[in-house]
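I opened this notebook to record what I looked up in one structure. The entries follow the order in which I consulted the model.

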Amino acid sequence: PNRRADDEESEDLPKSIALCGVQSYLKMLIFDNFIHADLHPGNVLVRVEEVGYLARLQRYVLLGQGSARVPHIVFLDAGLAAQFDPSLYSNVQEFFGSIIQHDGPAFGRAVLGLSPSQPYVADQDAFVSEVAVKMAAMKAEMDRGEGRAGDNIRSYMESVRAHHVTLDPTVMVALMSMMVLEGWQFRLDPNVSIVGSIETQLNRRSSIMGWFM
């Protein structure tokens with residue numbers, strides 16, 4: 001029986017690492033306003049530790065995982081890092097909030113707000129309408145258990161380029177790091193919900209339980 005439990009935990013470990021990696025990065029981005037700008041796999045260290053029953057219960061309540069062996073993600077070499085300007089940070093919060101609410105128009109407006117100005121966009125309403133349609137398609141995919149976060153990001157970036165939307169350089173750094181993270185997360189466990197992880201981090205800002213994570 002013990003061997004079977006060890007085998008099950010070994011099988012679940014890649015899934016736990018994938019979830020922990022996504023949560024760790026989003027915590028930096030949403031909660032700490034810190035962006036690791038060189039997030040290739042060589043700069044990611046995984047440390048596995050045994051945790052007690054209280055920590056296991058907290059993880060099960062918040063993340064749906066209660067394994068005794070818990071991975072910890074260590075991001076190395078933060079020599080390349082970035083931080084959102086305070087005037088931009090509120091728009092970043094709205095950006096992520098609109099994603100978990102699947103609010104297409106709000107998402108489009110939030111994207112336009114990821115730069116102090118948009119001098120090259122000929123029709124902002126057209127851009128908002130276009131990404132709103134894509135947001136609805138993304139929601140439909142999620143409801144069917146399909147879709148991939150990386151593909152959705154690429155699709156939205158196509159609209160950004162087509163409408164000549166300007167993005168703050170810090171936003172581009174965050175997006176590139178997110179794409180790298182999504183790539184190795186998808187290989188470890190394609191079922192990890194990026195949207196669910198975003199919602200967890202946004203909820204942490206007002207949750208007492210978040211302090212125990």
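**Entry 1**

Buried means under 20% relative accessible area, exposed over 50%, and partly exposed in between (1.4 Å probe, protein chains only). The model is predicted: local features need pLDDT of at least 70 and side-chain atom pairs count only at pLDDT 80 or more, while totals for chains, interfaces and linings use all residues. Residues are numbered from 1 along each chain as its sequence is written, and side-chain values use heavy atoms, with hydrogens and water left out.

I listed the buried residues of helix 4 as G104, A106, F107, G108, A110, V111 and L112. Their cover includes helix 3, helix 5 (124–143) and helix 6 (149–162). Helices (H or I, at least four residues) and strands (E, at least two) are DSSP runs, numbered from the N terminus. At the N-terminal end of helix 4, I noted D103 as a cap, with a side-chain oxygen 3.2 Å from the backbone nitrogen of A106.

**Entry 2: Helix 3 against helix 4**

Two packed helices are described by the angle between their axes and the distance between the axes. For helix 3 (residues 86–100) and helix 4 (residues 104–112), I read that the axes come within 8 Å and cross at roughly 155°. That makes helix 3 roughly antiparallel to helix 4. Angles under 35 degrees count as roughly parallel, over 145 as roughly antiparallel, 65 to 115 as roughly perpendicular and the rest as oblique. Axes are lines fitted to C-alpha atoms, for helices over the stretch in contact, and angles run from 0 to 180 degrees between N-to-C directions.

Which residues make the contact? Helix 3 contributes N91, E94, F95, S98 and I99, and helix 4 contributes A106, F107, A110 and V111. Contact means heavy atoms within 4.5 Å.

**Entry 3: M172**

I located M172 in helix 7 (residues 169–188). At 31% relative accessibility, M172 counts as partly exposed. Leaving aside neighbours within four places in sequence, M172 is in contact with M157 and L167. I also noted that the C-alpha atoms of M172 and L114 are separated by 9.9 Å, although these residues are 58 apart along the chain.

**Entry 4: The whole chain**

I recorded eight helices and four strands in the chain, running α-β-β-α-β-β-α-α-α-α-α-α from the N terminus on. Of the 213 residues in the chain, 44% are buried.

Technical notes
Polar contact = N/O pair within 3.5 Å; in protein donor to acceptor, adjacent residues only side chain to side chain.
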